Each structure stands twice: as C-alpha cells, then as structure tokens.
Amino acid sequence: MSEKTCAVPPAFSAHHVVSGEAYQALYQQALADPDGFWVSQARRLLTWYQPPTKGFSGSLRDGNIRWFEDGTLNASFNCLDRHVAAGHGDEVAIIWEPNDPKDAPRRLTYLQLLDRVERAANVLKALGVGKGDRVCIYLQMIPELAIAMLACARIGAIHSVVFGAFSASALRDRINDCGAKVLITQDAGWRGNKSVTMKQSADAACAETPSIEHVLVVKHTGADVPMQPERDLSWEGLLAAASATCPPEPMDAEQPLFILYTSGSTGKPKGVVHTTGGYLTYAAYTHELVFDYRPGEVFWCTADCGWITGHSYVVYGPLANRATVLMYEGVPSYPDFGRFWQIVAKHRVNIFYTAPTALRALRAKGDAFVIGHDRSTLRILGTVGEPIKAPEWEWYRAVVGEGRCPIVDTWWQTETGGILISPLPGATPTKPGSATFPLPGVRAVVLDEAGNELGDPKATGLLAIAASWPGMLRDIWGDRARFLQTYLQPFPGYYLTGDGCRRDPDGYYWITGRVDDIMIVSGHNIGTAEVEGAIGAHPAVAEAAVVGIADDITGQAICAFVILKAGHEGSPGLADEINQLVRKIIGPHANLKQIRFTPALPKTRSGKIMRRLLRDVAEGRELGDVTTLEDPAAVAALIEAVRV
C-alpha cells in the first residue's frame, strides 16, 4: 500500500459486528439493491407503527428527497419505550458526569428517563406546543438537554438546539429564523472554572424574539436569576406536577425531527432540516456499525448536543441502540489535563469518541496525564470534526489506546446526519490521517472542477456523494433555494460536500478541508462572512476579510485582515476590542488568533476577495499568479501588514 497501514487488531478478528469479508458483502449488497438494503436496515434497527416498504423516492437532481415515505414511527418511542417494554428499563441509559469531579454524577435508567421525557412532553403540550411547532433548547450538557430533545420528538414538535456557548444575538437569530414558540434554558452553567450566564443571555435574546411565548428554566447551579412573570416557568415545578403518561405521537417518516443551524458562507446560519425515519435509521445504523456497538457497553461521545455529533452520537443513535451513554458537562482541561482519562477509569468507558483538537491539546501536555489513569476498558477510539494528523493519530493509538484499540477516523457533516466515510474496527486496515472508505450504502466520488467523476483510484478533487442516503438533510429551513444552490445544483445528480479530498492508489479517502468559505476551528464550522460581519460592527472598521490558517491546537485558527476608517490607527488595544466584539456577537469559539491591519485587500476585477492569497500571506507561502487582481500592489501591503 502507498501509506503506512495498521492492520485490524487481533482482538477484532474474532469478535466484531462486521468483519472484512462481511464488509465487502454488505457494501456490494447496498450497491446492487440500495432500496432493499435500506428498507431492511430500517426495519431491523427500528420499531415502526407502519413498517416502510419504500426506500428512496425522488431525485438528487430536483431535491425532492424522501425516504421510507410510507412508514410511520416515533423517535422517542424507539429510544425509550420499546427498551422498557422489552424488559431493559433498569439498564442505565445516561451517566452524567458533572463539571467538578467533587460533585456526584447522576445515573438515569431507561425507565427513569422515560418518566422524565413523558412529563416534559406533557408540560410542552400544556403550553400549547404540538406537532410541527418549534422549540428552541439552549442548555449546557446536562441530562435535561436529552430529555427536552426526546420530549419534543415524542409529541411531534421540532426541536432546535443552540450551543450553550453561543451569544445572545446568535440565539436570537436562530429563534427568529425558525419561529420557536418555547425556549428551554437554565439558570447558569459551568465550563471549567468559569460560570456561564445562560439565563442572562436567554433574556437578552428574548427581548427581540416575538415568537417566544414561554421560557422554561432548569434550576442547575442554583444561581439567582430574574423570572419574568407569566413568560418564565420553572422546569422542575412543572415536571413534578405533570402526568407521567404521554403516548408518543405517530410521525410520518418524512416529518421533520429537528432543525440544527450551521454556519454558512453568506453569513446567515443555515437551518439544516432532518426528518424522523431516515435520520433515525441512519444514526442507529452508523452508531452500531462504526463503533461495533453491543448493548451494555459505556459509550462516550465528548461532543456537545449543540452540534450534530451530539444529536447523532449522544442522543439518537446510541439510545435507539440501547446504549449506556456518558454525558460530560465540563472541559478536558479541568481540573487538570487528565480529566478525560479520569472519567474513562471512573465509569469504565468502552468506546471513546472525541475531536482531534482536544487530542492535540492533551498530547501537548505530555503522557503523564494519560498513563496515570486506568484505560483497560477502552475498546474503540474515534475522532470527529476535522481530519486528524498523523502525530496525534499515532499518540492516540499508542498512548491512549495502549496499541490495542482501533481508531475510527470519521468524516461527515451536519448535513449528512451521520458518518459517511470511516474505518470499521473489525474490517478496515487503517492509515493515520485517512478516513479510509465509504460505509456500505454510501456512494462517495471524487469530481474535477467541471463535475466529472475521476475514475482512477488515485485522484484529487472535490468530494461528492452520487446517491442519496437516509440521513441526508431535506432542506434549509425557510430557504429552499439555498438548499438547492448549495448542495445539489452545482453538479446535478450529486450532493456536493464542500470538502476537497484525495484518493490514494489503494482507494483510501483523505479529506483535505473546505473548498468554500467555511473555517473549521476546534471542530466548529464558522462562516467567513459571519465573522467579517461581526468585525465590521466595530465603528473603526471599514472592511475586513478573514481566513482559516493552520494551528497546532485548533486545526484552523481565524486570521483577520482589517482596513480601518480614516482617523483610526491599528494598535494592540484596538485589536483586542475587535476580538472581544466578535466573541460577544458570535461566541468565544470565534476567537481571532491574529488581526492584521492593512490599507488594502487583494480583490479580483469583479470585486471578489482572493482568500487564497490571504492564506498564503498569513502562512508565509510563496504567492502564485496575481495578475487577476484589480490592484496587484495590494499584496505588498498585505505582506507588510503581516510583518508588523
């Protein structure tokens, strides 16, 4: 093979969900009869009121995408009721580990979780929430987050989870876009040694959200927060008084389950819509397949439910598969950099799924924080959010996994609903940094810039998917044209991922990063236009352009080139003001690592900023052709700005 290859660990050659031979058979089965394959998976993995007989209906060309359209089911029922009915109610569904290790963890069995979800569902119904209504959830990683999601699913309401570190303005914009009737938040939260003022941000957002009728407030830290009469209500008080019986609402497979916002290159976040039957089938399928999951194991995905990874691999996929899920409130560095591994030992974690950003930060602190904790229960290690580089991959395998745990380096997106390209631990020899091969049922291809498929095993170009899959997004909320223009119209008949990739001579896929104006910082998708708009809100700024640059810890970091208005001069103080404004408007994850004041930006004659040149300048590379620039001399000014 063309790259260093790591064989499947011996332990997996005899004990696995899918072996190498079975993988090939499964892949060929899905290729030969995709409808039959997916209908069989849907009926095997889920319990349906009306089992589907149809697989895919519609076309990638017109965007009319439907899966299992003659089936009806309920996501909450599939994650809870059926397990309880089968006699598994006393099994642990969620282990919640608090931010501070001195505080006691919480454990909820499937029966206890069902009780709370039914009560929460009845509370929402009493507030006038019904099928198709939107509920915004603005919570930290506490059990009430999963309870709220499943309560919405139970009654057919569409939930929209907003990341708990987002600013009030970001929360406001998402609420207004989806028209949510109810907001669920908490008094305050913790991130390491910092308090997060959740209710304060929620109040600021709700001052400009006319659709919100009620705010449910979870008492988590006990912080004293103002409660607006009639609008603000106690989560605990209402749940305690609510009935513990709420029959699940039968849902057509194509009815929406949730909206999740992801950054877009135009500056306005995109409300990605996922539906009930296809999404839940795909989340359960990929969770079982990629993580070789067996009931009884402790599965820990470190992602927040404010992102798609938390939706698919903290809540819906694992709970549909009757997993024991670990939820962690805190950060990997508090109270020290051994916190992840202390939790692994404490709760006997079997499968661990995290981001390369976290691994880079932990690796930099040395091995002592890892080897001081028992990791003998770990069986599989996973990564998500961005490509993992070889040094972190090797460290993860050798130190964290003690050389015996296979690594599943997964590639997927908010829009895909679940993992599309990944090794299977019992089937796939891995290469450090490669996502390896598409899963059975996924037709990945490499396109050139004209949209032609590159058929040779070795190819470099645009990553696209040549056929629909059940977990695929169905729309952008309220913006059908944007959905079509972004994903399906650039190359009719293909879903365009927006990522570049190379395929090596052995057919392994290597993701090379975004080819549009999206930056991936610590696994968070951040649109360049969104950040540029926030910088432009400062009264001293005339124009700004931002790019993602390589960073050893966060994968990419944000570098801003800023033109100031007449009468203003660049200074460290002004740079800090601009950075703090961006963090306030978007959130602390949008931190500007570099701010370079410059008199000009490189633009084409049509006025488009050439971000390729900005990245080259910021990272000190030789510049390519600049003849298409309106003012080639602008590059010299940029280079001088970087030197300052």
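This is a predicted model: local features need pLDDT of at least 70, side-chain atom pairs count only at pLDDT 80 or more; totals for chains, interfaces and linings use all residues.
Residues are numbered from 1 along each chain as its sequence is written, and side-chain values use heavy atoms, with hydrogens and water left out.

Let me start with the sheets. Helices (H or I, at least four residues) and strands (E, at least two) are DSSP runs numbered from the N terminus, and two strands are taken to pair if DSSP finds at least two bridges between them.

A second open sheet has 4 strands in the order E21-E22-E24-E25, and here the pairing is antiparallel. Strand E21 (444-447) and strand E25 (509-514) are its edge strands, each pairing on one side only, and the twist averages 45° from one strand to the next. Strand E24 (residues 495-503) is joined to E25 by 5 bridges, the two running antiparallel, and Cys501 stands opposite Ile511 in E25.

Ser57 has Arg66 in E2 as its bridge partner, and among the 4 residues between the strands, Gly63 takes a positive phi near 75°.

Turning to the helices, how do H4 and H5 cross? The axes of helix H4 (residues 75-88) and helix H5 (residues 110-126) come within 9 Å and cross at roughly 135°, where axes are lines fitted to C-alpha atoms, for helices over the stretch in contact, and angles run from 0 to 180 degrees between N-to-C directions. H4 is therefore oblique to H5, given that angles under 35 degrees count as roughly parallel, over 145 as roughly antiparallel, 65 to 115 as roughly perpendicular and the rest as oblique. The contact (heavy atoms within 4.5 Å) includes Cys79, Leu80 and Val84 of H4 together with Leu111, Leu114 and Val117 of H5.

Helix H3 (residues 34-45) and helix H10 (residues 276-290) pack at an angle of about 85°, with their axes 10 Å apart, which means that H3 is roughly perpendicular to H10. Among the residues in this contact are Phe37, Trp38 and Arg44 of H3, and Tyr282, Tyr285 and Glu288 of H10.

Finally, the aromatic rings. Rings of Phe, Tyr and Trp (its six-membered ring) pair if their centres lie within 6.5 Å, and planes under 30 degrees apart count as stacked, over 60 as edge-to-face and the rest as tilted; by this rule the count comes to 34 aromatic pairs. One of them is the tilted pair of Tyr23 and Tyr27, at 6.1 Å centre to centre with 40° between the planes. Because Tyr23 and Tyr27 are 4 residues apart in helix H2 (residues 20-32), they are separated by about one helical turn.
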